[in-house]
Amino acid sequence: MSQPTPENVEPVVNDDLAAMDVVPTTLGDPTGPSKGRVTVVHLYPREMSIYGDLGNTRCLEARLRWHGYEPNVISHNPGDDFPDDAHLVVGGGGQDSGQVRVEADLEKIGPKLKELAEDGVPMLMICGMYQLFGKAFITVDGKTLPGLGILDVTTRGNEKRMIGPVVLSTEFGDVVGYENHSGSTVLGEGQAAFGSVRSGFGNNGEDGHEGARTNNVVGSYLHGPILPANPHLADWLIARAVEKALAQPFEPGEIDDRFADQARERQVRRLTKS
């Protein structure tokens, strides 16, 4: 038997959910005076935020508050004006249909994103957005789709999917996550990887590289979402964003990350037997 609807409470339908801003703006515990305001822009949260990637934005917002800063989280959807004061930009994974829906808008804001990347604004692009930040995506039938070229990577679609938990060695320490992609990505000559694969497939399952990094822009196939499981990476992005927003060094607060650290360490031990 169905439960009665409480009085004065209207049921939420799918159309209402579609109209809502899917990025929360009330996480964290804002106590004490703010050290400053930092703007986080989430690219295409409806079209390109599957496999839990919205959790990266939630993590950044919460940690900014816990560190004592005021997060200003903006969802950038197709057709929106891109904000002038972006200090940190994040994007997630999506299906081919999602990439098609954002293609025209991404081309329009591409010059601004390139300018921000060259200026040192930190960015985290996961899976589909990682591919779109590359030079090109070559479909299974051989069609070449141009990317922004912020990262010197080229991705080719294939029939094989690369799925499962991942452990990386990076300059940030061990990083863990979960991959689910059919695109095989190859780094251009001189392009730095985000990390070296200790367990999992990585960019293509062959060369041992995962993701790419240029300046403060990181591209990766790791879902999870990646940042809650790797708070040291989240704080590196936040530190770079604070420096851009306030022109002063990042002042970290005290955050208890022991559970995230224990979970990451256990995944490393389980997958690498070390």
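Helices, of at least four residues, and strands, of at least two, are DSSP runs numbered from the N terminus. By that count, the chain in this predicted model has seven helices and 14 strands.

**The chain as a whole**

The chain has 274 residues, and 51% of them count as buried. Its accessible surface comes to about 13500 Å², with 49% of that belonging to carbon and sulfur atoms. Contacts between residues at least 6 apart in sequence can also be sorted by separation: 71% of them join residues at least 24 apart.

In general, strands of a sheet pair through backbone hydrogen bonds, and the pairing is either parallel or antiparallel. Strand S3 (residues 88-91) and strand S4 (residues 123-126) run parallel and are joined by three bridges. Gly 91 has Met 125 in S4 as its bridge partner.

**The nonpolar core**

In soluble globular proteins, nonpolar side chains tend to be buried together. Here the largest nonpolar core has 58 residues. Leu 43, Val 89, Leu 113 and Phe 133 have the most contacts inside this core. Helix H6 (residues 231-246) supplies the largest share of the core, eight residues.

Leaving aside its neighbours within four places in sequence, Phe 133 is in contact with residues including Leu 43, Leu 113, Met 123, Met 125 and Val 217. Leu 148, Gly 149, Ile 150 and Leu 151 are also among the contacts of Phe 133.

**The four-stranded sheet**

A second open sheet has four strands in the order S6-S5-S7-S10, again with mixed pairing. Its edge strands are strand S6 (144-146) and strand S10 (184-187), each of which pairs on one side only. The twist in this sheet averages 20° from one strand to the next. Strand S5 (residues 136-138) and strand S7 (residues 153-156) pair in the parallel sense over three bridges. Ala 136 has Thr 154 in S7 as its bridge partner.

Asp 105 lies in helix H3 (residues 96-118). Is Asp 105 buried or exposed? Its relative accessible area is 7%; the limit for buried is under 20%, so Asp 105 is buried. The side chain of Asp 105 makes a polar contact of 2.6 Å with the side chain of Tyr 44. Beyond its neighbours within four places in sequence, Asp 105 is in contact with Tyr 44, His 76, Asn 77, Pro 78, Gly 79 and Asp 80.

Arg 46 is found in the loop between S1 and helix H2 (54-66). With 38% relative accessibility, Arg 46 counts as partly exposed. A polar contact of 3.1 Å joins the side chain of Arg 46 to that of Asn 77, a residue that Asp 105 also contacts. Arg 46 and Pro 78 are 32 residues apart along the chain, and their C-alpha atoms are separated by 9.8 Å.

| Residue | Relative accessible area | Class |
|---|---|---|
| Asp 105 | 7% | buried |
| Arg 46 | 38% | partly exposed |
| Tyr 51 | 39% | partly exposed |
| Asn 215 | 40% | partly exposed |

**Backbone exceptions**

Most residues other than glycine have a negative phi, and most peptide bonds are trans. Tyr 51, in the loop between S1 and H2, has a positive phi, near 60°. Asn 215 is found in the loop between S13 and S14. Although Asn 215 is not a glycine, its phi is positive, at about 55°.

Which residues does a cis peptide bond join? They are Gly 224 and Pro 225, with omega at about 0°. Pro 225 is found in the loop between S14 and helix H5 (226-229).

Technical notes. Residues are numbered from 1 along each chain as its sequence is written. This is a predicted model: local features need pLDDT of at least 70, side-chain atom pairs count only at pLDDT 80 or more; totals for chains, interfaces and linings use all residues. Side-chain values use heavy atoms; hydrogens and water are left out. Buried means under 20% relative accessible area, exposed over 50%, partly exposed in between (1.4 Å probe, protein chains only). Contact means heavy atoms within 4.5 Å. Accessible areas come from the Shrake-Rupley method with a 1.4 Å probe; for residues, only the protein chains shown count as cover. A nonpolar core is a set of buried Ala, Val, Leu, Ile, Met, Phe, Trp, Tyr and Cys residues joined through side-chain atoms within 4.5 Å. Two strands pair if DSSP finds at least two bridges between them. A polar contact is a pair of N or O atoms within 3.5 Å; within protein, one must be able to donate a hydrogen and the other to accept it, and residues adjacent in sequence count only if both atoms are side-chain atoms. Axes are lines fitted to C-alpha atoms, for helices over the stretch in contact, and angles run from 0 to 180 degrees between N-to-C directions.
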